[in-house]
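This report goes through one protein chain, part by part. Please look over the sequence and the structure before reading on.

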Amino acid sequence: MEAGEEPLLLAELKPGRPHQFDWKSSCETWSVAFSPDGSWFAWSQGHCIVKLIPWPLEEQFIPKGFEAKSRSSKNDPKGRGSPKEKTLDCGQIVWGLAFSPWPCPPSRKLWARHHPPGPDASCLILATGLNDGQIKIWEVQTGLLLLNLSGHQDVVRDLSFTPSGSLILVSASRDKTLRIWDLNKHGKQIQVLSGHLQWVYCCSISPDCSMLCSAAGEKSVFLWSMRSYTLIRKLEGHQSSVVSCDFSPDSALLVTASYDTNVIMWDPYTGERLRSLHHTQLEPPMDDSDVHISSLRSVCFSPEGLYLATVADDRLLRIWALELKTPIAFAPMTNGLCCTFFPHGGVIATGTRDGHVQFWTAPRVLSSLKHLCRKALRSFLTTYQVLALPIPKKMKEFLTYRTL
């Protein structure tokens with residue numbers, strides 16, 4: 001889609017098995033994820049099942065007229081021996097999903113205990129967070145279970161790998177803790193982060209691997225150091241539970257979404273609140289019962305860092321441009337729970353309470369040279385380092401996103 005156009009529904013995936021009447025509450029798609037290289041899509045389709053689907057989708061899933069736009073020769077899996085769709089039976093309701101960066105370091109193979117040494121040095125893995133507090137680690141190419149991580153005492157709600165490829169995994173749980181695991185050391189638990197008083201809903205690691213953000217059923221958000229695993233600061237500003245968070249691709253911005261119907265954009269280095277995006281209803285509620293109809297469920301940055309997507313309980317997917325205070329586009333979706341951008345842009349995947357996944361067109365934009373320079377600089381300079389540069393004030397404001 002061009003900027004300003006409404007998102008179009010590209011495809012919809014539905015669970016293959018019929019819902020069991022005695023188990024209706026387990027059909028939700030709590031998590032969707034693309035692999036960092038864009039070759040796989042994972043979907044917790046409910047009833048303990050995760051589907052691993054090669055990307056781009058097969059033509060039968062895509063309405064006529066979209067094949068050419070959706071299937072990119074650059075991402076065509078044919079050169080890799082046409083990977084097949086896989087079904088992972090996790091044995092428990094799946095809440096969180098995360099792909100590892102691609103590929104794993106070849107020097108220390110995660111699967112050495114399970115496979116004889118082979119010529120293939122690349123190993124993409126998928127972590128699944130389960131209802132009973134377990135985390136299962138799968139090899140994507142084969143669908144084999146590699147590790148089972150135990151430690152959490154309740155639902156593992158979210159998972160996040162360090163983008164550096166070090167195979168450090170962070171898990172967020174209803175037991176009010178975050179745990180740090182080293183998959184290069186057979187899944188050794190290296191740290192437990194305590195301090196939240198409510199269930200931890202979401203965890204996000206900054207792309208520069210310096211910070212970890214965690215959102216629990218609280219009004220404040222916790223920022224942790226990924227170097228010392230200590231609390232850096234609490235971000236105060238929301239009026240209700242914060243349920244989702246995400247860093248911009250250059251680590252310079254953090255967005256948090258709350259049941260209070262607001263997304264807040266922060267400078268994670270200074271703790272400064274830069275902007276609030278308020279989710280107003282397009283239509284007034286029929287009665288007074290829908291007090292939280294615009295409660296937010298999920299927020300995510302686009303891969304180039306110029307857009308945000310949000311999913312709210314008012315049955316809308318919204319797309320926001322970074323510099324504007326109102327959405328640039330809406331799409332109708334029922335019972336949305338999560339959203340994520342395709343890593344190469346152009347597509348947003350959303351998961352719903354009835355176990356479906358929908359793929360929507362997202363804005364395709366050529367980043368300005370100014371934004372590309374800002375993104376490149378901010379990927380290794382903190383806000384304080386930018387402010388110390390001997391450059392004009394206007395340039396500092398632009399580089400620190402104070403011109404929003």
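## Strand β27 and its two partners

Strands β27 and β28 pair in the antiparallel sense, with five bridges between them. The model in which this pairing is found is a predicted one. Within the pairing, Gly351 has Val357 of β28 as its bridge partner. Four residues lie between the two strands of this hairpin, and one glycine there, Gly355, takes a positive phi near 85 degrees.

Strand β27 also pairs with β26, again in the antiparallel sense and over five bridges. Here Thr340 stands opposite Ala349 of β27. The hairpin of β26 and β27 has five residues between its strands, and Gly345 takes a positive phi near 85 degrees.

Is β27 largely enclosed or open? Six of its six residues are buried, so β27 is largely enclosed by the rest of the structure. Val347, Ala349 and Gly351 point one way from the strand, while Ile348, Thr350 and Thr352 point the other way. Residues on both of these sides are buried.

## The largest nonpolar core

The largest nonpolar core has 17 residues, and Ile348 is one of the three that touch the most other members, together with Ala309 and Leu317. Four strands each supply at least two residues of this core: β23 (307–312), β24 (316–321), β25 (329–332) and β26.

What does Ala309 touch, leaving aside its neighbours within four places in sequence? Ala309 is in contact with Ser298, Val299, Cys300, Leu317, Arg318, Cys339, Phe341 and Ile348.

## Aromatic pairs and a cluster

A pair of aromatic rings is described by the distance of the centres and the angle of the planes. Rings count as a pair if their centres lie within 6.5 Å, and by this rule the count comes to 10 aromatic pairs. One of them joins Phe34 and Phe342, with 5.2 Å from centre to centre and 75 degrees between the planes, an edge-to-face arrangement. Phe34 lies in strand β2 (residues 32–34) and Phe342 in the loop between β26 (336–341) and β27 (347–352), so the pair ties together parts that are 308 residues apart in sequence. Phe34 and Phe342 are both buried.

A second pair is formed by Trp55 and Phe359. Their ring centres are 5.0 Å apart and their planes are at 50 degrees, so this pair is tilted. It links distant parts of the chain, 304 residues apart: Trp55 is in the loop between β4 (49–54) and α1 (67–70), and Phe359 is in strand β28 (residues 357–361). Trp55 and Phe359 are buried as well. Phe34, Phe41, Trp55, Phe342 and Phe359 form one aromatic cluster.

## One arginine over two rings

Which rings does the charged end of Arg174 sit over? One is the ring of Trp95, with the charged end 4.6 Å from the ring centre. Another is the ring of Trp199, where the distance to the centre is 4.0 Å.

## Annotated spans

In the model, residues 126–148 are 0% helix and 65% strand, and the end C-alpha atoms are 12 Å apart. Residues 149–184 are 0% helix and 50% strand, with their end C-alpha atoms 13 Å apart.

The annotation "domain: SOCS box", also from an unreviewed UniProt entry, covers residues 368–404. This span is 59% helix and 0% strand, and its end C-alpha atoms lie 15 Å apart.

## An exposed serine

Ser164 is in the loop between β10 (156–161) and β11 (168–173). Why does Ser164 count as exposed? Residues over 50% relative accessible area count as exposed, and Ser164 has 53% relative accessibility, so it belongs to that class. The C-alpha atom of Ser164 is 7.9 Å from that of Pro207, although the two residues are 43 apart along the chain.

## The chain as a whole

The protein chain has four helices and 28 strands. Of its 404 residues, 58% count as buried. Among contacts between residues at least 6 apart in sequence, 52% join residues at least 24 apart.

Note on methods:
Residues are numbered from 1 along each chain as its sequence is written. This is a predicted model: local features need pLDDT of at least 70, side-chain atom pairs count only at pLDDT 80 or more; totals for chains, interfaces and linings use all residues. Side-chain values use heavy atoms; hydrogens and water are left out. Rings of Phe, Tyr and Trp (its six-membered ring) pair if their centres lie within 6.5 Å; planes under 30 degrees apart count as stacked, over 60 as edge-to-face and the rest as tilted. Buried means under 20% relative accessible area, exposed over 50%, partly exposed in between (1.4 Å probe, protein chains only). A charge sits over a ring if NZ of Lys or CZ of Arg is within 6 Å of the ring centre and within 35 degrees of the ring normal. Two strands pair if DSSP finds at least two bridges between them. A nonpolar core is a set of buried Ala, Val, Leu, Ile, Met, Phe, Trp, Tyr and Cys residues joined through side-chain atoms within 4.5 Å. Contact means heavy atoms within 4.5 Å. UniProt positions are given in the numbering used here, feature names are shortened, and annotations may be inferred rather than shown by experiment.
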